[in-house]
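Here is a quick tour for anyone meeting this structure for the first time. Take a look at the model before reading on.

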Amino acid sequence: MKMTSIVALGGLGALSLVQAMQWAAAEGAGATLSEADKTAVFKAAGAVQRKGMWVMCADDPNTRGASIETVRDLNGDGRPEAVVTEGGTFCYGHAETGYQVLSRQADGTWRTMSGGSGIPEFLRTKGVGGWPDISVGGPGFCFPVERWNGKAYVLHRFEYEGKRCKPQR
């Protein structure tokens with residue numbers, strides 16, 4: 001199982017192991033994109049090619065490059081979404097990971113839905129249009145959860161291990 005599958009499974013709450021494994025298998029299903037789609041996803045994520053790899057943080061002198069970690073239909077509209085990640089502290093600080101969540105639109109283009117520093121975890125709770133809430137993990141014990149409001153992912157609450165929390169100031 002990929003790292004993103006394990007991270008994503010953390011937000012599944014009370015699902016049984018069998019349900020969790022089915023969910024993880026569904027995440028990998030359809031995980032193939034054409035080369036043209038991969039290029040379009042990276043470009044939509046703001047990545048550029050450098051030394052034969054896609055890079056979102058072009059200023060990082062030690063980048064390992066960006067990768068498409070997950071491809072699956074997040075909101076049930078029949079079109080895939082893709083999660084592009086890149087590691088390193090140069091641009092992403094203590095979270096050591098940056099991400100972009102992209103959605104294939106009806107016209108075939110890719111749109112950025114959410115992105116930033118941290119590790120995205122898709123939760124069972126949902127916003128407008130069936131879009132899953134996203135917990136943005138990183139160092140610490142109280143993480144922001146973004147919810148789709150029909151136009152953008154916005155801060156909805158903070159939680160840790162499924163329980164609401166207040167971040168330290």
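What follows covers the ground rules, a sheet and a disulfide.

## Ground rules

This is a predicted model, where local features need pLDDT of at least 70 and side-chain atom pairs count only at pLDDT 80 or more, while totals for chains, interfaces and linings use all residues. Residues are numbered from 1 along each chain as its sequence is written, and side-chain values use heavy atoms, with hydrogens and water left out.

## The sheet

Let's start with an open sheet of five strands, running in the order β7-β8-β9-β10-β11 with antiparallel pairing. Here strands are DSSP runs of E, at least two residues long, numbered from the N terminus, and two of them pair if DSSP finds at least two bridges between them. The edges belong to β7 (119–126) and β11 (163–164); each has a single partner strand, so one side of each has no neighbour in the sheet.

Now for β7 and its partner β8 (residues 132–137): five bridges join them in the antiparallel sense. One of the contacts to look for is P120, whose bridge partner in β8 is V136.

## The disulfide

Searching the whole structure turns up one disulfide (a pair of cysteine sulfur atoms within 2.5 Å). C142 and C165 form it, with their sulfur atoms 2.0 Å apart. The pair ties together distant parts of the chain, 23 residues apart: C142 sits in the loop between β8 and β9 (143–148), and C165 in the segment after β11.

The torsion about the S-S bond of C142 and C165 is about 105 degrees, so this disulfide is right-handed. As for accessibility, C142 is buried, at 18% relative accessible area, while C165 is partly exposed, at 22%. Buried means under 20%, exposed over 50%, and partly exposed in between, using a 1.4 Å probe and protein chains only.

Note on methods. Helices (H or I, at least four residues) and strands (E, at least two) are DSSP runs, numbered from the N terminus.
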